[in-house]
Amino acid sequence: MSKYQTNNHQQLELLEREVSTKQPAKRINIVSLKLVRESSVLYKERQIKSPEDAYKLLKSFLVEADRELFVVVCLDTKNQPTAINICHVGSLNSSIVHPREVFKSAILSNSASIIVAHNHPSSDPTPSREDIEVTKRLVEAGRIVGIELLDHLVVCEEKFVSLKEKGYI
């Protein structure tokens, strides 16, 4: 095993700094992570087989909201939902979504894949340029962490758009 090496000049500078400035020890927190169940819903279908199935599951979460909500559905290896997380609450017409927040609940719940969805309070489910770019970032992040993004739905009360069906995934 190789040791970290610096040249002699850098080592002397480090030693001089250590002698002249006595810093107290740094406290490092020891932590654990866990998901906390806030409530639950019954899903009669048990398995998500199509964008329509996902829409039926998520419609109740998203259509009544007065601002954009971004939701993550965590799925097991049989595409059965195991958890739903509202990962971001946006404003009336935007939501800043970061892959780190999207995949946090998926990683903690040992998901094989995820479906994400958000609402458009305007009742127009046409995906924006930002929706498409977020989807591409999530696909790439999912590849890296080993959790596949199956679909991204834009949900409104009467209709929805699947970005997978539109060819963006």
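This report walks through the inside of a predicted model, from its nonpolar cores to a pair of packed helices and a residue in a strand.

**The main core**

Let's start in the middle of things. The largest nonpolar core has 18 residues, and those touching the most other members are Ile-48, Leu-62, Val-73, Ile-115 and Leu-153. Which elements give two or more residues to this core?

| Element | Residues |
|---|---|
| Helix H2 | 51–62 |
| Strand E1 | 69–75 |
| Strand E3 | 113–119 |
| Strand E4 | 148–155 |

Helix H2 gives the most to this core, namely five residues.

Setting aside residues up to four places away in sequence, Val-73 touches Ile-48, Leu-57, Leu-58, Pro-81, Ala-83, Ile-84, Ser-113, Ile-114 and Ile-115. There is also a second, separate core, made of 16 residues, including Val-72, Cys-74, Ala-106 and Ile-147.

**A closer look at helix H2**

Which residues of H2 are buried? They are Pro-51, Asp-53, Ala-54, Tyr-55, Leu-57, Leu-58 and Leu-62. An α-helix has 3.6 residues a turn, so residues three or four places apart point the same way. As for partners, the buried residues of H2 pack against strands E1, E2 (81–89), E3, E4 and E5 (160–162).

Now turn to helix H3 (residues 99–108) and helix H4 (residues 129–145). Their axes are 10 Å apart, and the two helices pack at an angle of about 45°. H3 and H4 are therefore oblique to each other, as angles between 35 and 65 degrees fall in that group. Is their crossing left-handed or right-handed? The crossing of H3 and H4 is right-handed.

On the H3 side, the contact is made by Pro-99, Val-102 and Phe-103, while H4 brings Arg-137, Leu-138, Ala-141, Gly-142 and Val-145. Sorted by class, this contact of H3 with H4 has six nonpolar residues, one polar residue and one charged residue.

**Ile-86 in strand E2**

Our last stop is Ile-86, which is found in strand E2. Is Ile-86 buried or partly exposed? Its relative accessible area is 42%, so Ile-86 is partly exposed, a class that runs between 20% and 50%. Leaving out neighbours within four places in sequence, Ile-86 is in contact with Leu-69, Phe-70 and Val-71.

Methods. Residues are numbered from 1 along each chain as its sequence is written. This is a predicted model: local features need pLDDT of at least 70, side-chain atom pairs count only at pLDDT 80 or more; totals for chains, interfaces and linings use all residues. Side-chain values use heavy atoms; hydrogens and water are left out. A nonpolar core is a set of buried Ala, Val, Leu, Ile, Met, Phe, Trp, Tyr and Cys residues joined through side-chain atoms within 4.5 Å. Buried means under 20% relative accessible area, exposed over 50%, partly exposed in between (1.4 Å probe, protein chains only). Helices (H or I, at least four residues) and strands (E, at least two) are DSSP runs, numbered from the N terminus. Contact means heavy atoms within 4.5 Å. Axes are lines fitted to C-alpha atoms, for helices over the stretch in contact, and angles run from 0 to 180 degrees between N-to-C directions. Angles under 35 degrees count as roughly parallel, over 145 as roughly antiparallel, 65 to 115 as roughly perpendicular and the rest as oblique. A crossing is left-handed if the near helix is turned anticlockwise from the far one by less than a right angle, and right-handed if clockwise. Ala, Val, Leu, Ile, Met, Phe, Trp, Tyr, Cys and Pro count as nonpolar, Asp, Glu, Lys and Arg as charged, and the others, Gly among them, as polar.
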